[in-house]
Amino acid sequence: MRTPIPDRPDEAPSQRRRERKWLPVLAVLATIAFVTGGAASVGDAVSRPVRLAETVRFDPAPGWIEVGRRVEEGLHELLLQRGSAGLYVVVLPEEGGTAVELAESYASFGLRRQYARVTIGDAEAATLGDGVPAVRYGYVGVSTDGVATEGVVVTAVTPDGTGVVFDGFAPQGELAAAIDDLGAMLEGVDLT
Amino acid sequence: MSDRVRHASLHHRSLFQFGEPAFYVFGALVAWGGLQMFLVLAALSDISRSGWALSWLLLALYATPVFVLVYRLDLYEREPLSLVFGAFAWGALAATSLSLQAVGWDQVVVSLFGPEVAARWGAAITAPLVEETLKGAGIVLLYLIARDEFDDTMDGFVYGAICGLGFALVEDVLYFMAVFGGTPAGVLQGFYLRVISSGLYGHVLFTGLTGMGIGYFVSRRVARPLATRLKVAIGLFALGVVGHFIWNSPLLEFMPAQPTGVGWLLVPVAFAVKGMPVLLLVLLALRLAHGQERSWLDASLSGELPHEGISAEELAVLREPKARRRAVRAMRTRAGRPAGRLLGRLHREQITLAMLASRVATPDDPSLVAQRDYCRSLRDALAAIPGAAPPAFSGGRGSGG
C-alpha cells in the first residue's frame, strides 16, 4: 500500500520582516542609468575634439577613441575606433584637384591596394558639416584571407587645395550600427 | 511609497513574483536587452550562417557542463531554476546590451589619459567597472525579487557565476563573428583562444565574486554589523573588478602576438598566468563558503537533536552531500524510486528545519514545531514503505501508527 506523502505545513506566520520594495529598486535603476547614460554625459563633458594637420577638426562620437595617428611622406593619417568599426582620416596637403578626382585616387591607390577584391559603389555628391562640397561612395572589400569589410568614403578638397579623405568601415554586416556615428562626426567636421 | 510587511517564506520562490516591483524592472530590461541582442546577432549571422551556427553549438558544449557544475556547488539547497535561468538571461541579454550602451567611458579615458594610454589600457579600465556593475545590478534585482533565496554567500556565488556565464556566452558569439571573421575556421580559432585556452577564467569567476559579496551582505544582516558587511561586499566586488582588470590589461601578457605552429600551445599557458590567481582565489573563497555552510548547518540543527525533526545519525548524513547521495541511492536500491525520492524530500525538509531553527526566537516557535512534525511525518511515511529500513534512521524515533 502506498503511503501518501504528507502535505507541506503552512507558511510560518511568525516570520515577518519589513522590507523596502521601491527604494532599492530605484537605487539599482539609478546605478544602471549612471553607468550607461552617464557615460555619454561625462564623455561629452571631458572629450576633446580631434584635430589633424591643422586642417580637420571634429568631435568624436561617444565611444570613438583615437587609436593611432602618423605623418608619413607628407600624409597626415588618423584612425579612430569603436568596437570593430573604424574611421580612417587622411589629409593630403597641396593635393589640388577636385573631390571626384580625390575619390577616384583613393579608390585606386588606397582601397584596391588594401583589399584583394573590392567593389566600389556609385559616387554621389555630398556635403561636409561646414558646407564644403564632397563626394561619397560605398565599397565592400575582401581581404586575402576572405574577411569582408564594408565602408563609406567621403572625400573633399579645401579651397587651398588640401585633400581630405574620410573612410568609415566595419566588418560586413556591422556598418549599419556605426553609420549614425560616422554621419554625425562628418556633419560636425570643420575644415580650415 | 510605504514599506510592505512580507512573510519570510521558506517555500522556494520562483522568479515570477508579481508583487515585487523589482520583477517588472528585471523583466523589462531583459526583454529590452533580448531585442537589442536579437538585432545585433541577426546582423552578424549574415556574415556566415555556418559560422554562426557553429558558434552556438560550440558554446553550448562549453556552457552546459559549466552551468551544471556551478548549479551543483551549493551543498545543501539548490537554487530555484527559474531564478538561475533569470540570472543567465540577465547576463546574456540585459548586461551585454547595457554594456554596449556604456561606450562613452572610453572617451573619458582618452580625454583624461590621452589616446596612447587609452589604446593600451582603455579596455582594462572601463570594461571591468562597467560590466561588473551592470551584472551585479542584475543579481541585486534577483535578490529584491526573491530575498529568501539568498540564504548565504554560496547562493550569491551561484547567481553571480551563472550571470557571468550568460554574459560570456553572448560576448563570445560577438567576438567569433565580428573579430574572428565569422567563418567556421575563424570560429574555431576564436573558440580555441577564448574558451579552450581561457574558459576556466573570466566572467564566471569575476561575477561569481560579485555575487558572493551580495550574498554575504544580505545573508549576514543579523550576525554582522553593516560596516563589516559593506567592507566584505565591496571587497569581493573589487576583487572581481581587479581580476577583470588584469585579464584585460597588458600586465602579465605572455601571449604570442601571432601564434603559429608550436606557439598555439603556449596560448593556454599565457592565459593561465593571468587567470589562475583569480581561479585559485575563487576556489579558496568557495571552500570557505562551504565550510561556513557546514558550520551553519551544525549550529542550526544541534539544538534540534532532542526533538523529532532530525536525529544525530541523520545529521551526520545530512551535512555531507556525498553521504546524502549515497543514502538516497541505497534507499532507491533497497526500496524503490519512490522511497529514494521521499528520502531526498526528507533531506530537503531537514535543511528547511535548519533554516527555520536559525531564524526563530524560541525552540517552541509554532513554525519550527510544525516543521519538526512535518519531518517526522515524512520519516513515518518512509518507514511505512516495505524495505525502507535505512541505517540512517534510528530505531523507534518518530514511528507512527
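Residues are numbered from 1 along each chain as its sequence is written, and chains are lettered from A and ligands numbered from 1 in the order in which they are written. Because the model is predicted, local features need pLDDT of at least 70 and side-chain atom pairs count only at pLDDT 80 or more, while totals for chains, interfaces and linings use all residues; side-chain values use heavy atoms, with hydrogens and water left out.

Let me start with chain A, and with Gly163(A). This residue belongs to strand S11, residues 163-171 of chain A; helices (H or I, at least four residues) and strands (E, at least two) are DSSP runs, numbered from the N terminus. Is Gly163(A) buried or exposed? Its relative accessibility is 0%, so Gly163(A) counts as buried. Here buried means under 20% relative accessible area, exposed over 50%, and partly exposed in between, with a 1.4 Å probe and protein chains only. The strand as a whole is mostly covered, with 8 of the 9 residues of S11(A) buried.

Which residues does Gly163(A) touch? Leaving aside residues up to four places away in sequence, they are Val90(A), Val91(A), Leu92(A), Glu95(A), Leu102(A), Ala156(A) and Val157(A), where contact means heavy atoms within 4.5 Å. Glu19(A), by contrast, lies 144 residues from Gly163(A) in sequence and 66 Å from it in space, C-alpha to C-alpha.

S11(A) has antiparallel neighbours. Strand S6 (residues 85-92) of chain A is joined to S11(A) by 7 bridges, and Val91(A) has Val164(A) as its bridge partner. Strand S10 (residues 148-157) of chain A is joined to S11(A) by 9 bridges, with Thr149(A) opposite Pro171(A). Two strands pair if DSSP finds at least two bridges between them. S10(A) and S11(A) also form a hairpin with 5 residues between them, and in the turn Gly161(A) has a positive phi of about 90°.

Chain A also holds an open sheet of 3 strands in the order S2-S3-S12, paired antiparallel. Its edge strands are S2 (50-52) and S12 (190-191), each pairing on one side only. Strand S3 (residues 56-58) of chain A runs antiparallel to S12(A), joined by 2 bridges, and Val56(A) faces Leu191(A).

I turn now to chain B, which has 14 helices and 1 strand. Of its 401 residues, 56% are buried. Its C-alpha atoms fill a box of roughly 80 × 50 × 35 Å along the principal axes.

Consider helix H8 (residues 203-219) and helix H9 (residues 226-248) of chain B, which pack at about 175° with axes 8 Å apart. Axes are lines fitted to C-alpha atoms, for helices over the stretch in contact, and angles run from 0 to 180 degrees between N-to-C directions. H8(B) and H9(B) are therefore roughly antiparallel: angles under 35 degrees count as roughly parallel, over 145 as roughly antiparallel, 65 to 115 as roughly perpendicular and the rest as oblique. The residues of this contact divide into 13 nonpolar, 7 polar and 1 charged; Ala, Val, Leu, Ile, Met, Phe, Trp, Tyr, Cys and Pro count as nonpolar, Asp, Glu, Lys and Arg as charged, and the others, Gly among them, as polar.

Finally, helix H4 (residues 104-113) and helix H5 (residues 115-145) of chain B pack at about 140°, with axes 9 Å apart. That angle makes H4(B) oblique to H5(B).
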